[in-house]
Amino acid sequence: MPDTPTVPAPDLTPAPPSAPAAGNDHRGRVRSCFGSRLRIRLRLWLRLRPRLRLWLRSRLRLRRSVLVPLTAAVVLVAGTGGWYAAGGGRSTVGPAPAGGPEEAVAPLAASMHLPWPREGQASVAVEGIGSLGTRGEQRPVPIASVTKVMTAYVILKDHPMRADAPGATVVADRRAADESYSSVETTAPVIAGREYTQRRLLELMMVPSGNNVARMLARWDAGDEKAFVAKMNRAAAGLGMRATTYTGVSGMEASTRSTAADQLRLARAAMKDPVFRQVVATASVTAPGVGVTFRNTNKLLGRDGVIGLKTGSSTPAGGNLVWATTQEVAGVSRLVLGVVLHQRAGTTPAEGSAAAHEASRALITAIRAELPAAVKRA
C-alpha cells in the first residue's frame with residue numbers, strides 16, 4: 001500500500017465537439033501536481049529530520065557555550081561589589097576592587113544627604129561598609145601638618161610598639177631643643193640630652209603638632225630627614241597614594257601635597273595600629289621637664305564619638321582635618337574616617353582651621369544621624 005492516497009488520473013480523452021467540456025478537468029490536474037510535490041517534500045522531510053535535529057542541538061550548545069560564561073562574568077563582577085558596564089565604564093555604586101585608584105561609593109550612600117563642603121575636597125568611608133563619597137577635584141594640594149600622620153605611620157612601622165607600652169628610648173638632640181621655641185611654627189619643648197620615650201615624643205608630635213619633634217624623630221629613625229622623607233614616599237607608594245608627594249616630615253613645606261582620597265587611604269592603614277589610635281585620641285600631653293601641658297589641636301576630639309585624628313593649617317594649605325569617629329550600626333560599632341582639605345586656602349591658618357573643623361563637624365553629625373537608617377534601608 002502506498003504511504004499517500006493516489007489521486008485518480010483525469011480523463012484526457014477529448015470530448016466530442018457537441019459535448020460540453022468537463023468543468024473539473026483543470027482542478028483535477030492541479031490536485032495531481034500538488035499531490036506529487038507534497039509526497040516529494042514529505043519524503044525529504046522524513047530523510048532530513050534526524051540531520052536537522054542534530055543541527056539544532058549543535059546550535060543550542062553553541063549559544064549556551066557563549067551565554068553561560070557571559071552570565072557567569074556578569075555575576076562575578078556584581079559579586080566583587082564593583083559594577084561595570086559592558087564597555088568598561090565604571091559606576092559609583094558598590095565598592096571598588098582592592099588596590100584600585102579610588103574606592104567607589106557604597107550603594108547606601110545614595111540615600112544619605114551629606115553636607116559636603118562647598119570648597120576644597122573631602123572623602124569619607126565607613127569600615128566594613130565602604131566609601132560614602134568623595135567631593136571636590138582630587139588634585140594634589142598642600143596638607144600642612146596632616147603630613148605628620150605619615151611621619152607617625154613610618155615611625156611605628158620601623159619601631160613597632162605594644163599598646164600602652166612606652167616604646168624605645170630617644171635622647172633629644174640640640175637641634176630639636178633649639179627649635180623648641182619658634183615664633184613661626186608649632187613646636188613642643190624638649191631638653192637637649194634628656195631621654196624621652198617613643199610614645200611621649202609621638203604624643204608631642206601629634207597632639208600639639210610639634211614640628212621640631214617630627215624632625216627629631218625622623219633623624220633618630222633614618223639618620224637624617226632626607227632619608228626619612230624617602231621612606232615616607234615609599235610608604236605612600238605602597239599604600240597606593242598615587243597623588244601624594246612628601247618633601248618634608250612636618251608639613252611646613254607647601255611642596256608636600258596630597259588629596260583627600262589619598263589621605264583617607266593612609267588614615268585607614270594608620271588606624272589599624274593600636275598605638276597610633278591611642279596617640280591620636282590623647283586629649284592633652286605634658287612636656288617632661290618643662291611642665292607645660294598642651295591640649296589636642298583637634299577641637300572635635302571627645303565629641304560625637306570622635307577619637308582622632310590630625311589637624312593641619314597654613315596659608316597655602318588652608319584648613320585641613322583628618323578625623324575618626326565611631327557609630328553603632330545594627331549593633332556593631334563602626335569606625336568612620338573622613339578627610340577635609342583646602343578649606344579657606346589663602347587666608348590665615350586660624351580661619352582655615354575653623355572652616356575645616358566646621359565642615360568636618362557637619363559631616364560627622366549628618367553621618368552619625370543617617371547611617372543607621374541608611375543601612376536598614378539598603
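These notebook entries follow the salt bridges that I looked up in this structure.

**Entry 1, ground rules.** I am working with a predicted model, in which local features need pLDDT of at least 70 and side-chain atom pairs count only at pLDDT 80 or more, while totals for chains, interfaces and linings use all residues. I number residues from 1 along each chain as its sequence is written, and I keep in mind that side-chain values use heavy atoms, with hydrogens and water left out.

I looked up the salt bridge between Glu179 and Arg215, where the closest N and O atoms are 3.1 Å apart. Glu179 sits in the loop between helix H3 (174-178) and strand E5 (195-197), whereas Arg215 belongs to helix H5 (residues 211-222), so this pair ties together parts that are 36 residues apart in sequence. Here helices (H or I, at least four residues) and strands (E, at least two) are DSSP runs, numbered from the N terminus. For burial I use relative accessible area, with buried meaning under 20%, exposed over 50% and partly exposed in between (1.4 Å probe, protein chains only). Glu179, at 18% relative accessibility, counts as buried, and Arg215, at 9%, counts as buried too.

I then turned to helix H4 (residues 198-206), in which Arg200 and Glu203 are three residues apart and so are separated by about one helical turn. Their salt bridge has its closest N and O atoms 3.1 Å apart. Arg200 is partly exposed at 29%, while Glu203 is buried at 11%.

I found the side chains of Glu351 and Arg344 meeting in a salt bridge at 2.6 Å, N to O. Glu351 is partly exposed at 33% relative accessibility, and Arg344 is partly exposed at 35%.

Arg219 itself lies in helix H5 and is buried, with a relative accessible area of 14%.

Notes:
Salt bridge = Lys/Arg side-chain N within 4 Å of Asp/Glu carboxyl O.
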